[in-house]
Amino acid sequence: MFGYSMVQMVRTHAHKLERPLREQILNLYQPFKWTPCFLHRFFEGSIKKIKKFSVIIEFENDCYDIGCKEVNKIMSRHINNRLKTHFSVVSCCSAEITPNGLEEMLSGCRHIKKVYINREVRALLDVAVPSAHAKNIFIDNTELTGEGVTIAVIDTGIYPHPDLLGRIREFIDLVNGRTEPYDDNGHGTHCAGDAAGNGFASSFKYVGPAPKADLVGIKVLDKLGSGSLDTVMQGVQWCIDYNANPENADKIDIISMSLGSTATYDDQKDDPMVQIVEAAWDAGIVVVVAAGNEGPNKGTVASPGISDKVITVGALDDRDTGSTSDGINRDPRLDDDVAEFSSRGQRSAGVAKPDILAPGVNIVSLRSPNSYLDKLQKSARVDEDYCMLSGTSMATPICAGVVALMLHRDPNLRPDVVKQKLMAGPDLWTGEEFDKDIYGAGYINAERTIRMI
């Protein structure tokens, strides 16, 4: 086994190959158990030329340009090898590469820090808005509605629903390349409504926290709600580049990401998805992400929610009530509690997550007709224009909508200040101290938070 060249490559360069990629390479030898020995060398040579891996390549600091040039030169010598997308802001690029190309790249390029597998990423309002105290907030005789604030929803797309009329400012399709807004899955449309639906089609019954906020739809997940690390990173990079363009006067203020993948890194800083969302944060965009739906076990927060910078949102079950058990403090034994499915953090692993909880159970929001979810879950339809879904996917845009109200109040708030204020204003549970790995700072209270600004 150890005589095989790809095994030797993995042993030699193990520190530059993330574990899942190492495992995929070694698993290529599984069929050899049933193959005659005299054919092993032939089959190995064929696999090294034909098998392709989709990867993210990270370069050492200040070595991005020269690293890309070296990698591109090496790939030009191998069939089926190519660079795909550049992520200069985090010194990464994506590529398709064969084992032969990977071996030469690791041996010949001095500037590679790590190579990651381009892993799969998946998509993770009636009483919800009142229970978050995010409705009819007046400050200095001005109602806060999110007007003038732009939320980018990085998801499955956005259907041009009547509740969003005139407010989908940009639409980018990184999956199918279409130019007009659409959503063939339905998840992204629901999330857009969770944040900014104005309730027009329901006589203003189902209204999001920020009903006058503008939206940017960025489709990175396909019809089945599935995508890749590479495509999601492109979506975030697009937002960063959009704001950096001086021709774009109206900047993206908030990114809402109700998607993620299993966190597989001992150090969160080794995760390319974490790196790109933190680059957006550092560029002045408030990034709000889902904790994931893998509860109740601890240590289940998804990537990029493991980032210690961005706002990670867990889901709370408000038991279909718009008020709390005593009107002031929430007691999980009496009324609201964390949703069982909401992912938990694990501070012993260095991840103090989630940051906050928002409503995430039985949330009524916008329906995308004839989409995948619409056909799959017909029983979830509410009237003609809405549907009911649950998950931290729903809690995340509700929190993003609350952030839009904060920025309506003070457009100059930096992301760190937004997070600080948001985590200082939630409702708390009575009784013994609650577990922050489950509840974060508490249950979001928009009005109290905004009054502290």
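Glutamate 120 is partly exposed at 46% relative accessibility, where partly exposed lies between buried (under 20% relative accessible area) and exposed (over 50%), with a 1.4 Å probe and protein chains only. Its side chain meets that of arginine 122 in a salt bridge, 3.4 Å from N to O. A salt bridge here is a side-chain nitrogen of Lys or Arg within 4 Å of a carboxyl oxygen of Asp or Glu. Arginine 122 is also partly exposed, at 36%.

This is a predicted model: local features need pLDDT of at least 70, side-chain atom pairs count only at pLDDT 80 or more, and totals for chains, interfaces and linings use all residues. Residues are numbered from 1 along each chain as its sequence is written, and side-chain values use heavy atoms, without hydrogens and water.

The whole structure holds 20 salt bridges. One of them joins glutamate 96 and lysine 52, at 3.5 Å from N to O. Glutamate 96 sits in strand S3 (92–97) and lysine 52 in the loop between helix H3 (40–50) and strand S1 (53–59), so the pair ties together parts 44 residues apart in sequence. Helices (H or I, at least four residues) and strands (E, at least two) are DSSP runs, numbered from the N terminus. Glutamate 96 is buried at 18%. Lysine 52 is partly exposed at 39%. Salt bridges link Lys52, Arg82 and Glu96 in a network.

Arginine 77 and glutamate 104 form another salt bridge, at 2.4 Å from N to O. Arginine 77 lies in the loop between helix H4 (64–75) and strand S2 (82–87), and glutamate 104 in helix H5 (99–108), so this pair ties together parts 27 residues apart in sequence. Arginine 77 is partly exposed at 49%. Glutamate 104 is partly exposed at 27%.
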